[in-house]
Amino acid sequence: MFVMLLGLLVSGIPLAFVTLLVALIFALGWFGPMVVPLITSRVYSFVSSFVFVSVPMFVLMAAILDRSGIARDLFDAMKLIGGRLRGGVAIQTIIVAVILAAMSGIIGGEVVLLGLVALPQMLRLGYDKHLAIGVVCAGGALGTMVPPSIVLIIYGLTANVSVGDLFTAAFVPGLMLAGFYVTYVLVRAYLNPAIAPIPEGEQPSNAEKLRLLKGLILPLTVVAGVLGSIYGGIASVTEASAVGVAGVLLSTVVRGEFTFELLKGAALQTLQTVGMIVWIGIGASALVGVFNLMGGIKFVSALISGISENPTIILLFMMLILFVLGMFLDWVGIALLTMPIFVPIIKELGYDPVWFGVLFCMNMQVSFLSPPFGPAAFYLKSVAPPGITLATIFRSLLPFIAMQILAVAILIFAPWITGR
């Protein structure tokens with residue numbers, strides 16, 4: 001089954017269709033037509049999960065943000081924090097990335113937005129291009145960690161754990177990773193001032209400061225509405241996602257940017273993204289269902305558990321598998337294919353599945369940046385200035401990948417950071 005899966009993937013067929021095809025071939029070949037209703041019932045239980053409604057909502061939020069000037073105004077407003085600080089523009093980029101992540105939880109849109117808004121400004125001010133590229137890609141990928149993250153929602157669905165608990169557990173690790181990036185920028189700028197010059201020019205007047213601060217009000221109100229309603233126990237994750245969409249739509253109306261063309265474009269983009277996630281989910285659910293029926297889960301459990309009697313070594317081995325898969329597969333596919341196998345083993349070893357979910361998300365952070373298929377690098381390449389090659393982008397990401405691996409190690413050996 002695994003060999004056929006790899007062979008078809010290498011041929012260039014999309015993951016969703018490969019998984020579904022392999023599942024059907026083995027189901028019919030191994031058990032006959034009688035097993036097909038079992039697969040369809042498994043697929044139905046996945047796609048009809050109520051929490052799944054929040055996925056299109058958060059994707060729609062990101063799509064509307066893409067098309068509005070909210071991110072640009074937010075970036076301008078952050079000048080008040082990083083204006084006269086060495087490396088200040090890079091730091092304000094990371095802070096804006098955290099706020100955008102807390103608004104939508106989608107990494108593609110974030111990397112593109114920051115690539116269009118922040119990267120040209122840093123290059124114009126004379127920042128080292130490797131530092132600027134790394135900050136944009138790594139900052140944009142924070143949408144994976146900072147709630148409301150879609151990666152956490154999909155993990156919650158596959159592992160059958162509370163998405164609200166996952167959001168609470170991931171909050172501090174997400175901010176910790178952002179803190180690592182800020183510290184790295186400050187240290188590099190202090191050791192070599194030439195790579196992050198302080199912008200020349202006059203300080204903004206009080207009237208200008210007030211105008212810039214207005215750009216913060218709407219995004220922070222949306223963040224407070226989404227996260228405040230979840231953590232305050234007012235709304236479930238699904239309801240909070242609808243609050244977020246309403247907040248972003250209202251923001252575009254207040255700013256005078258709302259048009260039906262904007263809404264139509266955002267809806268079509270949402271349909272495309274969610275369609276991909278659902279199809280991968282259908283294929284992966286079917287494949288894991290057949291795999292379980294064939295006794296595959298017992299085989300893999302025995303294989304992984306037999307590596308060592310030390311639970312930490314088994315956990316590290318799982319992290320290595322996820323890291324390698326992350327180089328070649330999309331995170332949705334990885335979550336849906338591996339979590340039904342890994343989570344029961346994690347529970348058997350006595351680990352907390354919520355903590356493991358945060359660990360999985362941190363591992364997926366690495367996959368977004370790591371070559372050869374790091375999606376963040378490709379998103380940035382699509383909007384980067386002509387002189388910036390993919391090789392330059394991947395080289396720029398190496399220090400940030402090292403920080404992400406450090407964060408994974410810290411989470412493994414200090415699980416209390418997640419509050420679990």
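Mentor: Helices (H or I, at least four residues) and strands (E, at least two) are DSSP runs, numbered from the N terminus. This is a predicted model, where local features need pLDDT of at least 70, side-chain atom pairs count only at pLDDT 80 or more, and totals for chains, interfaces and linings use all residues. Residues are numbered from 1 along each chain as its sequence is written, and side-chain values use heavy atoms, leaving out hydrogens and water.

Trainee: What does helix α11 reach from its first C-alpha to its last?

Mentor: α11 covers residues 163–191, which is 29 residues. The expected span is 1.5 Å times one less than the number of residues. That gives 42 Å for α11, and the model is close to it, at 42 Å.

Trainee: Where in α11 does a kink lie?

Mentor: The bend at a residue is the angle between axes fitted to the seven residues ending there and the seven starting there. In α11 the kink is about 35°. It comes shortly before the proline P173, at A170.

Trainee: Which residue with positive phi follows α14?

Mentor: The phi is near 85°. The residue is G295.

Trainee: What share of the chain counts as buried?

Mentor: Buried means under 20% relative accessible area (1.4 Å probe, protein chains only). The chain has 420 residues. The buried share is 53%.

Notes:
Buried < 20%, exposed > 50% of the residue type's maximum accessible area, 1.4 Å probe, protein only.
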